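Student: Could you take me through some features of this model, giving the general idea each time and then the case at hand?

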Amino acid sequence: MVTIADVNGSAGLAVTFGLSDLDRWSLREFGLLADHLDGDQLSDLATHVGRLAAQDREFWSGRDRRMQADHQGFELSGSYTPLGHDNKTEEELNAEDAQSVTLPDLYLFPSKLANMLVGAGIRLHMPASALNETGAVQKVENYARHWWVEATDRAMFAGGADPLRHLAIHDVLRGWITVLLLPDSSDTEFPYRMEIEDPLYVYPLFTRSGLARVTRQYQITAVEARREYPDEPDLFTTYDDTDEIQCTGYYDEIYHFILLEGKEYRSGSQVSRDRRMIGRPHRHGVRDFSGRPVNPWIIVVPLGNLSAPTRESKPDTRLYGPGVLHGVHEVYNHLCRVASMLLTQVGRSVDPPTITYIRDGKPIVEALSLARGARNYAWFQDSNVQVLDLAPNPGNLGPVLQLLQDRLNKVTLPSVFYGEAGAVTSGYGVGLLTNAAMDIIRPYARGLEVAVKLILRRMLEITYHVTASTHISLTMMAQQGVMKRSVTGIEFDPQVIGQTGVQLQVKLGEVTPQEKAAVAQYVMGLVGSGILPRYDARVELGYDDPLLMFQRQALESLLADPIIAQALGPLSAYNSDDELLLAALQVKQQMMTMAPGGEPQAGMPANMPNNVVPTELQNRAGQPPPGQSEAEGIRGDNALSIARWLEQFGGSPPGGGR
């Protein structure tokens, strides 16, 4: 039996990073860790991973069929036979000019739902353990916001979609969100690589302890393979440019590599494939905040596994994370067939078929003209023309249409969300419809929140472990100054993440329409009665950064004093709100502690330090320096002074967030 001690040159790595399933297979077969294999050993590894990929495809085949059916409906590519024409061939349907109606609901419903989630927007908040640590927390929040904006700009500049919209449409349509986030050494300004992959191409292996491995499997052409991997000069050189190549990316908590599979070859009864590994397995280096290796994939399944348990070896995965279109197809198909029948009959009523009765031996009369004011003649009692009335009785179709439309409204969104007044006009009725819609939206909204949160936390972990160790200078754009202008080039030290952690909270805004005046009145009532703290009230009202609002409120109250405003001088001379607020607090303290004769006033607050006003500010106020240098004053405990002042405004320390 091979042990870690027997692995030459690999024991240190194994102890540091642990063993993955790939290492265990490699140790069992060759006595080496996976990244130490070479030559024919890599060929055997490629065969092993190819078998794993085939097993993954077989396991998730039910899920894949459901997703493909949902996407076919989303593409509006279905053709619906008119009701009552089931047994007719395509030629007979064409001869009868049978119409096929494809209603837009299967495209409109997921798109509308995704747009509602995207329109709500995301709010970031990181709880601080104490008020005097909010400065570090604010820096991490600012970097997370900057990172998300930068990732969005880069994705859209490259011809992609807004990442939030991309995540939302996968969330509601596929029922899955799958994101790969890795460090990228090729871009020193933005050293991250985020790929939002279609869940149809992602095959995870879940165990009780979490995500064990992921294989990403998709098709590319030979010319695409050669262009994507230019360092492999002899890659599929004998293939035509359009020949398909199966691409498999393998990922576990330690390793990542790419496997390309080409044509199949038969030798007697043996069938083999042309397999090529790109390089060898390499360690991706992604770890959580504690330093434990983790899989670089982020996979969120909002509804979880709804499949029924089975005793068979192959489970049914059709209901593993269903999307919003599951349960809609049958009702939608019947509604399209009824609409197709109605359109077919309306078309026939516009230009109806006719029957002409002619006596034996008599000449054929001219065809009937349906033009306005046309005169049609026929021999009396010799021939007759009868128009066939094939239109259905509307009374028979009414209940059917009402039933189908009612069912469709229950499994999608009520028409009131599309701006239709409908039969419900009261506020209570609209509230019921809104709550019913939220029952459908809520799990997917929660899934989107969790996905964005995990992406940003993983980004902070990569920044803390990988980026910080490479000494890359990171800069960000953040709002600075009283007017909250966006300033670029602000340096961000990744080591601050070690102080704050990565417990970033993400909350979606209001997904469904809200009457803001009623919400504000409700929140003000709770604050006035002492039930709700003011910090939580700002959260309820949708402020992105409630703590910052307290700081700005304190600053505005100080600047409203003309003496303080005059003492501060031009506000543009201050680099940040923190610096301006501290200076205003110091002027305010000087006014409180100094009597007109220069002596401290009675009742001076004991928790406020003496003589901390910088020389420049005291000169502005027309008062002599108290014997303390400007540098010493500026180096005072800014955060503590601000925190003490904020307590006067009823500000509660931020807790676990929302």
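Student: Which residues make the nonpolar surface patch, and how is such a patch defined?

Tutor: Patches are built from residues with over 30% relative accessible area and no salt bridge, like charges being joined within 9 Å and nonpolar side chains (Val, Leu, Ile, Met, Phe, Trp, Tyr) within 5 Å; the areas come from the Shrake-Rupley method with a 1.4 Å probe, and for residues only the protein chains shown count as cover. Here L76, Y107 and L108 form a nonpolar patch of about 250 Å². Before going on, note that this is a predicted model, in which local features need pLDDT of at least 70 and side-chain atom pairs count only at pLDDT 80 or more, whereas totals for chains, interfaces and linings use all residues. Residues are numbered from 1 along each chain as its sequence is written, and side-chain values use heavy atoms, with hydrogens and water left out.

Student: Where do L108 and L76 lie?

Tutor: Helices (H or I, at least four residues) and strands (E, at least two) are DSSP runs numbered from the N terminus. L108 belongs to helix 6, residues 105–120, while L76 sits in the loop between helix 4 and helix 5 (90–95). For exposure, buried means under 20% relative accessible area, exposed over 50%, and partly exposed in between, with a 1.4 Å probe and protein chains only. L108, with a relative accessible area of 39%, is partly exposed, and L76 counts as partly exposed at 31%.

Student: How should I read the second largest pocket, and what is its volume?

Tutor: On a 1 Å grid over the protein atoms alone, a cavity is a set of points where a 1.4 Å probe fits but cannot get out, whereas a pocket is an open set with protein on both sides within 12 Å along at least five of seven lines, and lining residues have an atom within 4 Å of a point. Grid points are joined across faces, edges and corners, and a volume is the space filled by probe spheres set on the points. The second largest pocket has a volume of about 630 Å³. Its lining has 25 residues, of which L211, R292, V294, N295 and R458 are the closest to its centre. Elements giving two or more residues to this lining include helix 2 (21–30), strand 5 (210–221) and helix 12 (427–467). By class, the lining divides into 12 nonpolar, 5 polar and 8 charged residues, where Ala, Val, Leu, Ile, Met, Phe, Trp, Tyr, Cys and Pro count as nonpolar, Asp, Glu, Lys and Arg as charged, and the others, Gly among them, as polar.

Student: Which residues of helix 2 are buried, and what follows helix 2?

Tutor: The buried residues of helix 2 are L22, D23, W25, S26 and L27, and the helix is followed by G31, whose phi is positive, near 75°.

Student: How many salt bridges does the structure hold, and where might I begin?

Tutor: A salt bridge is a side-chain nitrogen of Lys or Arg within 4 Å of a carboxyl oxygen of Asp or Glu. The structure holds 23 of them. One joins E29 to R28 at 3.9 Å, N to O, E29 being partly exposed at 43% relative accessible area and R28 exposed at 59%. Another links D70 and R66, also with an N to O distance of 3.9 Å; these residues are separated by about one helical turn because they are 4 residues apart in helix 4 (residues 61–74). D70 is buried at 2% relative accessible area, and R66 counts as buried at 8%.
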